[in-house]
Amino acid sequence: MHLIRSLWVAAALLGAGAAQAQTTGLDLAKSKACMACHQVDAKRVGPPLASVAERYAGQGDAMVDYLAGKIRGGGRGAWGAVPMPAQTHVSPEDARLLAEWILSLAPPKQ
């Protein structure tokens with residue numbers, strides 16, 4: 001019985017950690033003005049962040065570095081005619097956190 005309760009508590013904490021990461025990622029995206037051009041599930045100026053996550057899901061740590069570089073350096077052509085300007089006000093550390101959060105938005109593989 002104690003083992004079952006311990007497993008339940010651990011699962012609840014992990015779930016709370018995932019929820020906290022989602023909130024923290026969204027808060028960081030808002031604070032860095034990402035949400036001026038992006039939304040999580042709908043197109044604004046740029047693509048929905050969930051679509052970015054889906055396109056690049058499952059490609060490992062190199063994709064985190066790639067997206068962090070795109071956040072800081074900008075890009076053009078991957079999502080249409082409107083370029084993404086460089087976001088040099090975002091630190092490399094925050095760009096990496098944002099990239100990790102964005103990739104976490106991908107639906108689970110089935």
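What percentage of the 110 residues of the chain count as buried? The figure is 28%. Keep in mind that this is a predicted model.

Start with the whole chain on display. The chain has 4 helices and 0 strands, and along the sequence the pattern reads α-α-α-α. Show the surface next: the chain exposes about 7200 Å², and carbon and sulfur atoms supply 63% of that area. Among contacts between residues at least 6 apart in sequence, 53% join residues at least 24 apart.

Now select helix α2, residues 49–56. Its buried residues are Leu49, Ala50, Val52, Ala53 and Tyr56. Look down the helix axis: these residues cover an arc of only 160°, which puts them on the same side of α2. The general rule is that an α-helix has 3.6 residues a turn, so residues three or four places apart point the same way.

What covers these buried residues?

Keep α2 and α4 (residues 92–104) on screen. Two packed helices are described by the angle between their axes and the distance between the axes. For α2 and α4 the angle is about 85° and the axes are 7 Å apart. An angle of 65 to 115 degrees counts as roughly perpendicular, so α2 and α4 are roughly perpendicular to each other.

Show the side chains at this contact. From α2 come Leu49, Val52, Ala53 and Tyr56; from α4 come Trp101, Ile102 and Leu103. The residues of this contact divide into 7 nonpolar, no polar and no charged.

Last, select Gly58, which follows α2. The phi of Gly58 is positive, near 70°.

Technical notes
Residues are numbered from 1 along each chain as its sequence is written. This is a predicted model: local features need pLDDT of at least 70, side-chain atom pairs count only at pLDDT 80 or more; totals for chains, interfaces and linings use all residues. Side-chain values use heavy atoms; hydrogens and water are left out. Axes are lines fitted to C-alpha atoms, for helices over the stretch in contact, and angles run from 0 to 180 degrees between N-to-C directions. Helices (H or I, at least four residues) and strands (E, at least two) are DSSP runs, numbered from the N terminus. Angles under 35 degrees count as roughly parallel, over 145 as roughly antiparallel, 65 to 115 as roughly perpendicular and the rest as oblique. Contact means heavy atoms within 4.5 Å. Ala, Val, Leu, Ile, Met, Phe, Trp, Tyr, Cys and Pro count as nonpolar, Asp, Glu, Lys and Arg as charged, and the others, Gly among them, as polar. Buried means under 20% relative accessible area, exposed over 50%, partly exposed in between (1.4 Å probe, protein chains only). Accessible areas come from the Shrake-Rupley method with a 1.4 Å probe; for residues, only the protein chains shown count as cover. The arc is that of the directions from the helix axis to the C-beta atoms.
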